[in-house]
Amino acid sequence: MDIVTDPLIARRVWISGTVQGVGFRYWTEKEAIRLGVGGTVRNLFDQRVEAEFEGPPEAVDSLTEWLRHGPPSARVSGIEVEEREPRGMTRFSAQ
C-alpha cells in the first residue's frame, strides 16, 4: 500500500502594528505548536514581528490567518506574506 503525504508549504510573514511587548511571539509559538507547524518567530528592530513557518497547507493557512489579528493584547495594522520553499523545520520556537 502506498502512503500518501500532503506536500508541505512554507511562508515568511511580517506583522506590523502594536506587536512587540504584548506577548505576540509567545502566543504565536503556542498557536503554531497547536497547529503542528514548524518555524520561528522574532522581533525586528523596526518594531515589526517576523514569522517563518512551514507545514501542511491547511495548518499554514490557519496560522497565517491567526497572525492577521494575533493575541488579544496586540493591534495588527498589516501583514506581508511571502511564499517560501520548505526547509524541513519541524519545531517551532520564539527567538
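Mentor: Keep in mind that this is a predicted model. Seven bridges join strand 1, residues 9–18, to strand 3, residues 49–55.
Trainee: Do those two run parallel or antiparallel?
Mentor: Strand 1 and strand 3 run antiparallel.
Trainee: What stands opposite R12 there?
Mentor: E52, in strand 3. R12 also forms a salt bridge with E52, with the closest N and O atoms 3.1 Å apart. The pair links distant parts of the chain, 40 residues apart.
Trainee: Is R12 buried or exposed?
Mentor: R12 is buried, at 19% relative accessible area. E52 is buried too, at 10%.
Trainee: Zooming out, what order do the strands take in the sheet?
Mentor: The order is 4-1-3-2-5, in an open sheet with mixed pairing. Strand 4 (75–84) and strand 5 (92–94) each have a single partner strand, so one side of each is left without a neighbour in the sheet. The twist averages 15° from one strand to the next.
Trainee: And where does helix 1 lie?
Mentor: Helix 1, residues 24–35, lies across strands 1, 2, 3, 4 and 5. It runs at about 175° to strand 5.
Trainee: Which side chain does E31 meet in a salt bridge?
Mentor: That of R34, at 2.8 Å from N to O. They sit three residues apart in helix 1, so about one helical turn separates them. E31 is buried at 14%, whereas R34 is exposed at 59%.
Trainee: How many salt bridges does the structure hold?
Mentor: Twelve.

Technical notes
Residues are numbered from 1 along each chain as its sequence is written. This is a predicted model: local features need pLDDT of at least 70, side-chain atom pairs count only at pLDDT 80 or more; totals for chains, interfaces and linings use all residues. Side-chain values use heavy atoms; hydrogens and water are left out. Two strands pair if DSSP finds at least two bridges between them. Helices (H or I, at least four residues) and strands (E, at least two) are DSSP runs, numbered from the N terminus. Axes are lines fitted to C-alpha atoms, for helices over the stretch in contact, and angles run from 0 to 180 degrees between N-to-C directions. Contact means heavy atoms within 4.5 Å. A salt bridge is a side-chain nitrogen of Lys or Arg within 4 Å of a carboxyl oxygen of Asp or Glu. Buried means under 20% relative accessible area, exposed over 50%, partly exposed in between (1.4 Å probe, protein chains only).
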